[in-house]
Amino acid sequence: MLLALGERAAGWSHGYDLCRSLDLKSGTVYPILIRLAERGMVETTWEQQAAQGRPARHLYRLSPAGAEFAAGLRATRNAASGKARSTVVAAPRPVAGTAGT
Amino acid sequence: MSHRRRDGADRLLATATAGLPASRSEWGEAMLAELASIDDPIARKRFARGAARAAFVRGYGIRVGFGMLAAVLVAAIALAASRLQLADGGPGVLPVTVPVPALVLLLAALVSAGRTRSFRIGMQTGLVALVAGFAALFAVLAVEGMVWMDLHGVFLLDGDPPRGVADPADIVFDVFTTGMWVGYVISWLPAVVIGAALGTWVGDRRNLADIRRNAARRRDG
């Protein structure tokens, strides 16, 4: 969730858009958003101009603390995937005739 | 589509979000507003179902969950009180089954109100616990009363013998008398009110401390 919000840079997201982009149900997305907002990782606001005949929607984006945390997460994930890639590259090939012994 | 009629998805989500505590009512409004932006009926149903489940768990779940947990504890306390005295056949479980469950109800209301910072939800949790606790307590006492009468020929509540011969109905009605109900309500209800009030106070204090801590963190950062 943090990474998904982080990818939207400074832009605001709607709850339903997050459900669709993450392919998660609203029953999963909203509890996470509530927790993140309560922990100060996500900022919320209401739309200033709602579509005609519809109520203003709630908007979400990472707070500075959330953005910092997401950047750390991304770095950790990149480091882990880089390490895994180098492990695969460095792994010795099985010597012919020894496989299955 | 400016005047779409309320459909099942609207009604389901409105009902589920109505139970959210005041501190999270904005989230209920957010879910309803989001639902209003979705036009596809199938997507609306899917969104409403998921959001309603989340809102229900956060709104009603805490009341029912803590209430039922308290009822189970009340039943366990009554059973333990009965079994610990069963060998002696006295002095009866009343000195335990009145004050100790009151403490359990107080805790249920306190924790619930503290977590939600809502006196109303603390009271509702306490009342669910009170009603479920009554039912659980009387079920245990009715069964245990039979065992006591069978083994020692005395009533479970006070350890006194009956006047004359007691049949099973007498034993059960001894537990269900009007005096018993009134006595329990008088003892347990104030515990619920005190627990809800105390929980709201504690929750507000914790929230204030969190706000100050976050503000200090932002200032330092």
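Is Asp23(A) buried or exposed? Asp23(A) is exposed, with 6 other C-beta atoms within 10 Å. The views below are of a predicted model, in which local features need pLDDT of at least 70 and side-chain atom pairs count only at pLDDT 80 or more, while totals for chains, interfaces and linings use all residues. Residues are numbered from 1 along each chain as its sequence is written, and chains are lettered from A and ligands numbered from 1 in the order in which they are written.

**View 1. Asp23(A) in the loop between H2 and H3 of chain A.** Although Asp23(A) is not a glycine, its phi is positive, about 55°. Helices are DSSP runs (H or I, at least four residues), numbered from the N terminus.

**View 2. Arg117(B) in the loop between helix H5 (99-116) and helix H6 (119-152) of chain B.** Phi of Arg117(B) is positive, near 55°, in a residue other than glycine. Arg117(B) counts as buried, with 21 C-beta neighbours inside 10 Å. A residue is buried if 20 or more other C-beta atoms lie within 10 Å of its own and exposed if 12 or fewer, with C-beta atoms placed from the backbone.

**View 3. The kink in H3(B), centred on Gly61(B).** The kink is about 50°, the bend being the angle between axes fitted to the seven residues ending at a residue and the seven starting there.

**View 4. The contact between chain A and chain B.** In contact (C-beta atoms, placed from the backbone, within 7 Å) are 17 residues of chain A and 18 residues of chain B. On the side of chain A that touches chain B, H3(A) provides the largest share, five residues.

Definitions and conventions
Helix = DSSP H or I, 4+ residues; strand = E, 2+ residues; numbered from the N terminus. Contact = placed C-beta atoms within 7 Å.
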